Structure formats: structure tokens, C-alpha cells
Amino acid sequence: MRGPGFGSYAPDEVAWLLTDLSDLELEAPVEEREEAVQSGGAHYAESLPQEYQPDAEYMQLYRSALAAGAPRLARAVATVAELVLAERGRDVVLVSLARAGTPVGVLLRRWARHAHGLDLPHYAVSIVRGRGIDRLALHHLAAHHDPERVVFVDGWTGKGAISRELSAALAEHERDTGARFDPDLAVLADPGRCATTFGTRDDWLIASACLNSTVSGLVSRTVLNPRLLHPGQYHGAKFYADLAPADVSNDFLDTVTAEFACVTAAAPPTDRTADFAGRRAVDEIVDAYGIGEANLVKPGVGETTRVLLRRVPWRVLVRAGAPADDLAHVRLLAERRGVPVEEVEGLPYSCVGLIHPRFTRGATGADGLAAAAP
């Protein structure tokens, strides 16, 4: 599917390998979804969170973050694109992991056109933690392109869960079909140190992380629900056409693209070893806070924002001395949801979001901070 029939991006910017579920009511209250997920009654990808609708104050923070960060974003895009083109060839096929990877894929495609006059194919596909990548989408890609030319794209890494999910799913697909896709994930920011193709390993604010569908082509996060989707269908998603008045998807792209002319030679990172140091840091946080489950620890600015927008947050950890501008929206969201922010010396990420452990809507503790007994 392509815009404007699905999504608000121009039709040449991205092809969505998804099933259109726009006519279905899939949204559930955050607390209801959290309880169902943590109790084992449902998988997080079977429903959708209710879309956060930012007010004027929050949107001003987003605009300020974009204005301040656009030059850095443009440099990161250039760095990643040049690495990909130099190492994987000028005939690569960009495949974004929907939805956070989609605007990044569009920007990489725009850089390739700006700097090299290339017109790269770009798709968006679904990957679901614990369920793998959309196998039907892989079959489509292998039928129309050389799998060796495919480069998977995302916005950032946290603790490396999606990187591991991608590697495992592609290895299984190769065993079953013989088609080999390269599992290396190209990202703008790799604070988790689990990618070898990245723009930076700093944990900084990529402005698109501040918002949901309204900065991602008006497309929801992906859905994998066996009651709604049948064999032979791609994973699903919704097109929120009704949110068009609030859509900033193309403005985000245009703001970053306008900085391309100012980008000088993009120097590749010197150390590109993937040592998954971020996961070790997460394990230490799990032990220190008695959470008991690494999936409830979401490291990095982007992942912390997701916790505050879509989950039931418990605490936010902030590295002492982290850049205030990168965390202004995090602090505002935390204040509005009554979530304590704790400064931590030596935190390897700018911030870390902790999901409320063992959450039920009757969780103990008048302040909402105590975890209910298992």
C-alpha cells in the first residue's frame, strides 16, 4: 500500500507491506492493555494503545527539539546512508521496521537521491518482539529483489531486543527457504551498542520519538492478531486519516532534508564493534530495582518516551548531567503522569523508562510506586 490511500507519505517515499485494519476498533486503554500483557492474557501486538494527542505545550517542545536537532539528524542520516552505499552497494533496497524506522528510511532514501542521484526502493514491514518479522513480507521482498541487497532500517536501539529478534527470524527464514537476508540493522542512534551500521552511539533525542502516528505517516504501530489476520495476509496496521489536521510527518522530513546541503563529509564511526553493552546495563537495573523482567526496562530517550506514551510507567531514571534539551519532553510527560524522575550517576543512557512491574489496576501503594505481590 502507498499514500495517499494508506498513510500520508507521498507514494514514491515508501510502500507499506501491511494489511489495512483502519476500519477496526483495536484501541484499548493503556492500563487495560498493560494488565492483559503482564498477566499473559494477551500479546502487546494484538491490540493498539490509544493515540496520545499532544497539547500546544508539548507540541512546542517537539518543534523546539526538531529545530535544534535537525542538523544533527541530517548528519546521522548522511553517515548511515554513506556507510550503507559504500558497503552494501548503490543498488540497495531499504526496508524500514514499521513504524519508528519508516521516517528514517525515507530520510536515507532522500539522502541517496540528494547526494548520489539514486532512486532507492523503500518498504516498511512489521516485526514483533517474540513473534518475529512478517514472513509474507520477506517472501515479497525475495520475489522482487535480491535478498542480499536488502538493508533493514530502524530509528535507534535500546537493549538490542529487536536486533536479536531480527537476526533470529532471518536465520529461521534462511533455513526454511534458502533466501539469505543480512541481519545487520542500520540505525541513526545505537546507544545499546548492538548494531554495526549507525550514525552515533550517543543517546540523544531523535525528534520523531516524541510523537506517534502524527510523525510516522499517520500509521499505527503494527498489529499481529490471529483473530483478525489470516494466513496469506501481512501483519496489520491502521491509517489514522482523521488525524490529518495534526499530521507533521512530512514537515519532519522536510525540516531534516533542508539541512542536507549543510552536511559536510560524513566521517564513519571509528569503533563499530557490537558488544551489546546496553543489555548488561539493563540487567544491572533489573537487579538493582527488583523488577525481575528485562522487558520492563526500556533504555534510551526514544524507548523512555514510548513508555510514557503507551505503557504504565513506574519510574524514569535520568543520567545526572544529561542534556536538558533531550529530556524536556520526558520530564513533562513524567510530570503529567505522576511518574517520579530519579537522577542516577553514571547511567550509560540519557534516561531509562521502567514499566510498572506486575501491574494490575489495583496495584498496591497509595503513591502507585509499590509493585503488587506476584
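**Exercise 1. Which residue in β15 is the bridge partner of Val-318?**

Let's start with what we're looking at. This is a predicted model, where local features need pLDDT of at least 70, side-chain atom pairs count only at pLDDT 80 or more, and totals for chains, interfaces and linings use all residues. Residues are numbered from 1 along each chain as its sequence is written, and side-chain values use heavy atoms, leaving out hydrogens and water.

- Step 1: find the strands (E in DSSP, runs of at least two residues, numbered from the N terminus, just as helices are H or I runs of at least four). β14 covers residues 313-319, and β15 covers 341-344.
- Step 2: check the pairing (DSSP has to find at least two bridges between two strands). Here 4 bridges join β14 to β15, and the two run parallel.
- Step 3: read off the partner. Val-318 is bridged to Glu-343 in β15.

**Exercise 2. What is the strand order in the open sheet of 4 strands, and which strands are at its edges?**

- Step 1: the order is β13-β16-β14-β15, with mixed pairing.
- Step 2: β13 (297-299) and β15 (341-344) are the edge strands, each pairing on one side only.
- Step 3: from one strand to the next, the twist averages 20 degrees.

**Exercise 3. Now walk through the open sheet of 6 strands.**

- Step 1: its strands go β1-β6-β5-β9-β10-β11, with parallel pairing.
- Step 2: β1 (15-16) and β11 (197-200) sit at the edges with a single partner strand each, so one side of each has no neighbour in the sheet.
- Step 3: zoom in on β5 (93-97) and β9 (150-156), which are parallel and joined by 4 bridges. Val-93 stands opposite Val-150 in β9.

**Exercise 4. At roughly what angle do α2 and α3 cross, and which residues make the contact?**

- Step 1: the axes of α2 (56-88) and α3 (101-116) come within 9 Å and cross at roughly 75 degrees. Axes are lines fitted to C-alpha atoms, for helices over the stretch in contact, with angles from 0 to 180 degrees between N-to-C directions.
- Step 2: that makes α2 roughly perpendicular to α3 (the label covers 65 to 115 degrees; under 35 is roughly parallel, over 145 roughly antiparallel, and the rest oblique).
- Step 3: the contact (heavy atoms within 4.5 Å) includes Val-77, Ala-78 and Leu-85 of α2 and Leu-107, Trp-111 and His-116 of α3.
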